Structures are given as structure tokens and as C-alpha cells.
Amino acid sequence: MDDRRFGMTESMTEKKIRTRKAVIIGAGRVGSHSALCLMFQHLVNEIVFLDVNEEAARAQALDLEDLASGLGDSFKIRVGDYSDCADAHFVILTAGRSRRPGETRLQMLDGTIKVLDGVIGPLRESGFHGILISVSNPADIVVEYLYRNLGLPRGHVFGTGTSLDSARLRRTLSGIINVNSKQIQAICMGEHGDSSFIPTSHISVQGIPLREYLSLQHSSVHDIDFNDVMAKVRESGSAIVSGKGCTEFGIASVVAGIVQSVLHNDHVVVPLSVHLDGEYGESGISAGVPCVLSDAGVETVLEIDLSYDERRAMRHSCDVIRDYVEKAMGPAEG
């Protein structure tokens, strides 16, 4: 049993965190648009870019400074080094190449691990003890790699996981049942990838179970093909990558939402990729599950009741993740 759980260790309380300081590792399109969303929502007042291409990172910072001048807040945006992580409230990891058309996220593993090997040591040595939000793919394997190597509480190391998949799911369902997507409660779970699944037994419209809602509406839609819905959710990211080379706006919005929930201590339920320690019968991997998000990061992993088929889908997805985790790092220690 891992003893890090969700709390702070004694050594982590020695250095004060500078609230509203974010270090973004990777100043490419996802990193820069994450910065943009944080700025537009006035969530942070200091952003530090870290990137192997310092010239490009400096250009991003200068461009965003032009934006900051018109927003009214006292933003500080610059290129720094890993010492900036020591007092950062957030480190947002976006480093790594974009997914190529026709490529799965899992096929990005070797290249991403090489990038992480250059990040882990300096980040650990910096004394960072804030909240680490991972965006890099393959999402779940990256989160597990970070968790095992950084020595932080598991509530402080998590990934965006199936949050974006869930947003795409709600958008897809909105078009099918003709209701505002904000009224739909529905999530994807498991891998942020092709083995993700929808726990359909938990879908509701403003608290009304989906089937009951459809009957009350006398809707022409009586039965939804969730295999087709899941295919559309999975294909959404691929279509964006095929058309423009990467996804950036949706995931940046997810990052900003996470930062806001932590800063405001919102206690919202969000599907995130986090290390599992017995939940859903799984250990030694990270996967997308519903979590309570607060100023402590992931405060609680919610183990919702799944149907028989959903439990099988969760087990299959976790097995896919585990295979790749063991290829990258070997089996977890008991």
C-alpha cells in the first residue's frame, strides 16, 4: 500500500507556495493556449515557460505580454528555469510532440518517455511541492511515471485524463437528445484513448436519469447507440489532428477549469487520471476516474457503482494501460 495518499509530507510544508504562479513545461500550442486561457480567466498572475527551444518560448512570452497589456491585471510572463518550480502553485506539463494523423496516443510513448527523462530530475531537485497537472500523451502512462518518480502525494499528481473525452461526450449527446450540454451529466472513464468507455448507467439530464428524461420528453429518440457515440467521441480528436495537426483549444480550457477549481476550492467532481490504490480493484496504474477536486488537488477518488459490463470495460481499459506502464517502467512494487 502506498503511504503517500493525498496529504502533504512534512518536508513539503517547509517552502511557501506562491499562489497563482504557474510554470508551464512546453511552450508549444497546448502550453501557450493553456496560458492564454489562464490569463483570460484572470486565474494566475505569473506564468513561467520552460522549453528546450528557449527562443520560441521567449517569443510566446512576448506575444502573451502584448495580450496582458490590454487585460488590466498585473501579469508577469517570462521564460525561466526549473528553479522557478520551487515556489510554483502549479506545474502544467504539456511537453512532447503532437499526435500524428492516424496515430494512437499509445504510439507516442517512447518519444514522450524520452522527454520526461529530461524533466523528472530537474523538477524533483527544484523542490516543487505544488499541484502537477499533466497534459502530455499517452496521458495515463505519463501520470503514473510522474507519480512513481516525483515522490509527491497522489492528490498532487494527476492528469487531464478523460476530462476532454467527457466534454466531447456531452457535446455528442447534446446533439442527439437536443438539450444544452451543460445540463447533461456524463463522463468517460479509463484510458484517455481507444479503450475508454462510457458508464451509461450514470448518465442523467439535470439529475433525471437519461431514459426517464427521454420518456418525459416524448422524444423520437428512444434508444441511443452508445457504441456509435463512443466512436464519435474517439474520432473527434483524430479528426482535429488530421485537419490541423493538433488539439489545443479544448484541452487548454480543461486545464484552466482545473486550475480554477483548485484556486477556488470548488469541490467539483471531475474525471481525471490519477494513481489508483485499490479503487475499482486496480492498483499500480493511473486511469481516468471521477475525482473530487479542491484546493488540495485530488481530494477523493470516487468509486462509483458500475454495471457488470462497465466493470469489464474498466478492467480491460486498465489492462491496456498496465501493459504500457510495464513496458515503460516495469511492474509496480508491492
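Predicted model: local features only at pLDDT ≥ 70, side-chain atom pairs only at ≥ 80, totals over all residues.
Residues are numbered from 1 along each chain as its sequence is written, and side-chain values use heavy atoms, without hydrogens or water. Local features need pLDDT of at least 70 and side-chain atom pairs pLDDT 80 or more, whereas totals for chains, interfaces and linings use all residues.

The largest nonpolar core holds 55 residues. A nonpolar core is a set of buried Ala, Val, Leu, Ile, Met, Phe, Trp, Tyr and Cys residues joined through side-chain atoms within 4.5 Å. Buried means under 20% relative accessible area, exposed over 50%, and partly exposed in between (1.4 Å probe, protein chains only). Phe49, Ile77, Ile92, Phe158, Val289, Val298 and Met314 have the most contacts inside this core. Helix 9 (residues 249-263) gives the most to it, with eight residues. Helices (H or I, at least four residues) and strands (E, at least two) are DSSP runs, numbered from the N terminus. A second, separate core has 23 residues, including Ile25, Leu116, Val142 and Leu150. Beyond neighbours within four places in sequence, isoleucine 92 is in contact (heavy atoms within 4.5 Å) with residues including Ile25, Leu38, Val255 and Val259.

Three strands form an open, antiparallel sheet in the order 7-8-9. Two strands pair if DSSP finds at least two bridges between them. Strand 7 (184-185) and strand 9 (208-209) are the edges, each pairing on one side only. Strand 7 pairs with strand 8 (residues 204-205) over two bridges. Isoleucine 184 has valine 205 of strand 8 as its bridge partner.

Arginine 154 lies in the loop between helix 5 (139-150) and strand 6 (157-159). Arginine 154 counts as buried because its relative accessibility is 1%. Its side chain reaches the backbone oxygen of histidine 275 at 2.5 Å. The arginine 154 side chain also makes a polar contact with the side chain of glutamate 279 (2.7 Å). A polar contact is a pair of N or O atoms within 3.5 Å; within protein, one must be able to donate a hydrogen and the other to accept it, and residues adjacent in sequence count only if both atoms are side-chain atoms. Outside four places in sequence, the contacts of arginine 154 include Arg5, Phe6, Tyr147 and Val301.

Glycine 237 is found in helix 8 (residues 226-244). Glycine 237 is buried, with a relative accessible area of 0%. Its C-alpha atom is separated by 26 Å from that of leucine 276, 39 residues apart along the chain.
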